[in-house]
Amino acid sequence: AAVMWRDRHVPVSLPAGAPSAEPERYYTTVLVDKGLRDGVRRVMFGRGLFFWLHKLLFLDAMRYLTLRHRAHPRPHSFGDFGLQRHVTIDIDDVFGAVETQHMHTSDVAALLDLQSNLSKSISNFKFQLGFVAGRYKQGSEDDVDGDGALMAASRHFLWFDHSYQHYESRWFQTDAELEAEMRKSEKFAKDRHLKIVEGYAVSPRHSGVYPVDPRLFRVWRKVWNVSVTTTEEYPHLKPASQRRGFVFQNTRVVPRQTCGLFTTTNYWESFPGGEKRLATFVEGGELFLTILRNPVSFFMTHANNYANDRLAPVVFTRLVKFIETWTNLRLRWDPPSQVAEKYFSLFPEDKRVAWENPCSDERHLATWTRKEAGCLEFPSFLVIGGAGSARPIGALVVMVQFSEAPGVKERPVFLGCPGNRTASAPGFAGLHAPTVGCHRNQWDSTFFSSNVSYGKSIEWYLNRLSRDHGDRLRVSGSLPVIGDASTSYFTSDLAPPRASLLLPDARV
């Protein structure tokens, strides 16, 4: 089997009596070796992957070559999704995260036209608008008129809360303060009869979604009954192909995709490479491949991308046209709850979250509730060992030796240790755990070995450590050595990879 490339070259001048054009010539660019001779199947490319069609063929080749290996951890990785693609386009910062991000009256008319045109290619399509209610009609006269025009057309769109003042959850001290902020948005939506996307919200900068702020999820559920949200940050922003979803507190977090348009992308000169670069990005480039490789795509855009030079309408119009011209893909919009259900039915392994250390990613650290101070609260070593009738003794001895080692000025603090028990085994009479810092009524730490404990978040893990020793952890110059002791980690298949992700520099 081979893929042929047609040469359309026609000579400039032809001799007398010659045919009007040379016969079309075909060249093999991709060749399939079925492995009939040596049993090894191969796909050989005669040219590089700079041409977009070869990228498609490469993905198809990967799928073809791995069909016999369905034990692959993500068997759908190479596009085995059929022809249907779910496409959602969110517009964040509606009414403005900053003064320059309002749409004007003419922009609103253009947005309505764009939605009408996209709905011809994307079944059921409607834009989802993330509103910042506290900025409504704040700004210039044109901004105020634009907000009014958008509100007059509100029935044509779907809406979700994007924080009343575009504040992040970590800026609030209590659940009650955060709830009061959300209630303002709720009242704003009710007073204006906005069509709210059921069970969906997006946090500014995705703050509190990953790394998770449990308060955000609790209050979201209480006020908006949020069961679905999105983020571009799990496990990291880049590479985009590695973004995943996860489930936390029964809220499904679906990966969010970027489309080259951000809060600073207002004019052509702000797009690297200008219109020519954008064309290659959309038509067969990264944005097209995002649709191709993902059965579910939640795209992040911003209100300013539909104002100024209106780059977003150009991007999505050209993208949809390219898909219709060159593929048989079927695009459709469905409510986020249904799309999330589809995603996790395809990738059930993604339901279980994997916590990484926020201190190892600058973007994560910037939105983490504990900031840099939290980096000092993680255990720097683990104590593991087999369970047995004398299981407290081994850990207890290690702890006592640690605290009495030369040069150790501060007693170590352990998450999971014998507490105030007295060792009763022969030779250990009178050995008391209070020589080290222990948690009351706590023997084994089970954070890395228990799905229940692990699913409660990093915040829960660190809070258990700081509950008894928070004053010591935060006193400059008096930081104790922090350890996590457990016998359950020794026999757990889950503990090693989890501990390695969260505590990459810890000693065992």
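**Strand E10**

I started with strand E10 and found that 8 of its 8 residues are buried, so the strand is largely enclosed by the rest of the structure. I note here that I am working from a predicted model.

I then looked up the pairing partners of E10. Strand E8 (residues 228-231) runs parallel to E10, and 4 bridges pair the two. Within E10, I found Val254 opposite Thr230.

I checked strand E9 (residues 246-248) next. E9 and E10 are antiparallel and are joined by 3 bridges. Thr251 in E10 has Phe248 opposite it. The hairpin of E9 and E10 has 2 residues between the strands, and in this hairpin I read a positive phi near 50 degrees for Gln249.

For strand E11 (residues 296-302), I found a parallel arrangement with E10, with 3 bridges between them. Phe298 in E11 is the bridge partner of Arg256.

**Asp92 and Arg256**

I followed Arg256 to its side chain. Which residue forms a salt bridge with Arg256? I found Asp92, with the closest N and O atoms 2.8 Å apart. Asp92 is in strand E4 (residues 84-94) and Arg256 is in strand E10 (residues 251-258), so this pair ties together parts that are 164 residues apart in sequence.

I looked up accessibility for both partners. Buried means under 20% relative accessible area. Asp92 has 3% relative accessibility and therefore counts as buried. Arg256 has 1% and also counts as buried.

**Other salt bridges**

I took the count by the salt-bridge rule, and it comes to 23.

I picked out Arg205 and Glu168, whose side chains meet in a salt bridge at 3.1 Å, N to O. Arg205 sits in the loop between helix H4 (175-191) and helix H5 (214-224), while Glu168 sits in the loop between strand E7 (158-161) and H4, so the pair ties together parts 37 residues apart in sequence. Is Glu168 buried or exposed? At 2% relative accessibility I recorded Glu168 as buried. Arg205 has a relative accessible area of 48% and is partly exposed.

I also looked at Arg318 and Glu275, whose side chains form a salt bridge at 3.7 Å, N to O. Arg318 belongs to helix H8 and Glu275 to helix H6 (residues 274-282), and the pair links distant parts of the chain, 43 residues apart. I listed Arg318 as partly exposed, with a relative accessible area of 24%. Glu275, at 45% relative accessibility, is partly exposed too.

I then traced salt bridges that share partners, and found that they join Glu179, Arg183, Glu186, Lys190 and Lys222 into one network.

**Nonpolar core**

I turned to the largest nonpolar core, which has 107 residues. Which of its residues touch the most other members? I found Phe127, Leu150, Tyr306, Trp355 and Phe448. Helix H8 (residues 311-326) gives the most to this core, with 8 residues.

I looked up the contacts of Phe448, leaving aside its neighbours within four places in sequence. Among them are Leu382, Tyr454, Tyr461, Tyr489, Leu494, Leu502 and Leu503. The list also includes Asp484, Ser492 and Arg498.

**Helix H7**

My last entry is on helix H7 (residues 286-293). I found 6 of its 8 residues buried, so H7 is largely enclosed by the rest of the structure. The buried residues in H7 are Leu287, Phe288, Leu289, Thr290, Ile291 and Leu292.

Key
Residues are numbered from 1 along each chain as its sequence is written. This is a predicted model: local features need pLDDT of at least 70, side-chain atom pairs count only at pLDDT 80 or more; totals for chains, interfaces and linings use all residues. Side-chain values use heavy atoms; hydrogens and water are left out. Buried means under 20% relative accessible area, exposed over 50%, partly exposed in between (1.4 Å probe, protein chains only). A nonpolar core is a set of buried Ala, Val, Leu, Ile, Met, Phe, Trp, Tyr and Cys residues joined through side-chain atoms within 4.5 Å. Contact means heavy atoms within 4.5 Å. A salt bridge is a side-chain nitrogen of Lys or Arg within 4 Å of a carboxyl oxygen of Asp or Glu. Two strands pair if DSSP finds at least two bridges between them.
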